[in-house]
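Here are my notes on the model you sent. Please keep it open while you read them.

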Amino acid sequence: MKTIFFLRNILVMTGIAVTVFSCRQKTESLSIAQLVKTAEVKTREGLLTVTYPGRLQAASDVKLSFRVAGPIQKIFVSEGEYVKKGQLLARLDPRDYQLQYDAAHAEYIQVKGESERVMELYKRKSVPVNEYDKAVAALKRVTAAYHAQKNALEDTRLKAPFDGYVQTKYFDAFEIVSQGTPVVSMINNDYLDVDVEVPSSDYIRREDFRTFYCTADVYPDQELPLELLDITRKANFNQLFKVRFRLKRDNNLNLAPGMSVSVTIDYAPTAEHLAVVPVSALFQQEGRSYVWLLDTDKQTIKMFPVKVRQVTKSGEAIVESELRPGEQIVSAGVNSLKDGQKVRILPAPSSSNVGQLL
């Protein structure tokens, strides 16, 4: 019986010792500072960029019409045909316009001769000034009428305003068309359109947009400048705003409608507090982005909120925050740390340690 009691006391004492030793181990482990790698916060200067996927499209159709009315004599092109600038597309029957032009031309020749004789006599002071004024007015009136009829006759010929493709023919020969009624439509071959959709966060910064360019998937190394055409003022069902650009064709690149492109927009930052940090320094909690800011005096870290604006190809992130240039943040192993934890800074490798092998 005494033996059992003695063994029980030994086990109880042993358990207490183990418990004390275990607690001491945990306390000591918590007091050990975590070794961390740090980076310095840098300032951000220059423009920011955003990139969105897009697709090349044929430039908008241009509907061409006669500036005068009449029956169509002939249409010289077919749908899908490629035409050059100045090429004749269609012609109205010029009969009536030719007669009007001939009459205006004959009257112009007559009045011009009479007016010039009166002007010559006026120089010699052989006619009064009122006769001279009448001659000048008559010449101006008949000249305007003559040129109007000349233009009307020329307008019976519809020519291509640019190089491109005939998209649609709306009429055939012998049909009568009114002034301004579309006869054919063309696609401009000099340009391509590029449409992208941007979120409201970029839409509200549209006044800060500076430059635009795109890269085609088939030519990834070529930056093609874009011209901004318009931005819709109403969001679509997905709360995105449509932005339309124009791309001037490069004869050295075989671009075609339907090809995929990446559109980059450079804009001036409106935020006053922009900093550059390594991407590896970022972590998320409850949908927000943070970094670990180092308190150099206490050698502790604390969570510091940031808003990521852009991630660069060099592995850096441009963030909007109250971080100040020169401050130290943890740049590796950020997901295993805790707020208020003591840390030790990992010393920088020696310059003589080539390859960091030692």
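The points below go from the whole protein to single residues.

1. Basis. This is a predicted model, in which local features need pLDDT of at least 70, side-chain atom pairs count only at pLDDT 80 or more, and totals for chains, interfaces and linings use all residues. Residues are numbered from 1 along each chain as its sequence is written, and side-chain values use heavy atoms, with hydrogens and water left out.

2. Overall make-up. The protein has four helices and 24 strands. Helices (H or I, at least four residues) and strands (E, at least two) are DSSP runs numbered from the N terminus. Of the 358 residues, 34% are buried, meaning under 20% relative accessible area; over 50% is exposed, and partly exposed lies in between (1.4 Å probe, protein chains only).

3. Contacts and surface. Of the contacts between residues at least 6 apart in sequence, 74% join residues at least 24 apart; a contact means heavy atoms within 4.5 Å. The protein exposes about 23000 Å², and carbon and sulfur atoms supply 52% of that area (Shrake-Rupley method, 1.4 Å probe; for residues, only the protein chains shown count as cover).

4. A helix pair. The axes of helix H2 (residues 95-123) and helix H3 (residues 129-154) come within 8 Å and cross at roughly 155 degrees. Axes are lines fitted to C-alpha atoms, for helices over the stretch in contact, and angles run from 0 to 180 degrees between N-to-C directions. H2 and H3 are therefore roughly antiparallel (angles over 145 degrees; under 35 is roughly parallel, 65 to 115 roughly perpendicular, the rest oblique). The residues of the contact of H2 with H3 divide into 19 nonpolar, six polar and four charged. Here Ala, Val, Leu, Ile, Met, Phe, Trp, Tyr, Cys and Pro count as nonpolar, Asp, Glu, Lys and Arg as charged, and the others, Gly among them, as polar.

5. A buried strand residue. Thr-215 is in strand E14 (residues 209-216) and is buried, at 18% relative accessible area. Leaving out residues up to four places away in sequence, Thr-215 touches Pro-220, Gln-222, Glu-223, Val-261 and Ser-262.

6. Two positive phi values. Which residue other than glycine has phi near 60 degrees? That is Gln-239, in the loop between strand E15 (219-231) and strand E16 (240-248). Gln-239 is exposed, with a relative accessible area of 55%. Glu-286, also not a glycine, has a positive phi of about 55 degrees. Glu-286 lies in the loop between strand E19 (283-285) and strand E20 (288-295) and is exposed at 82% relative accessibility.
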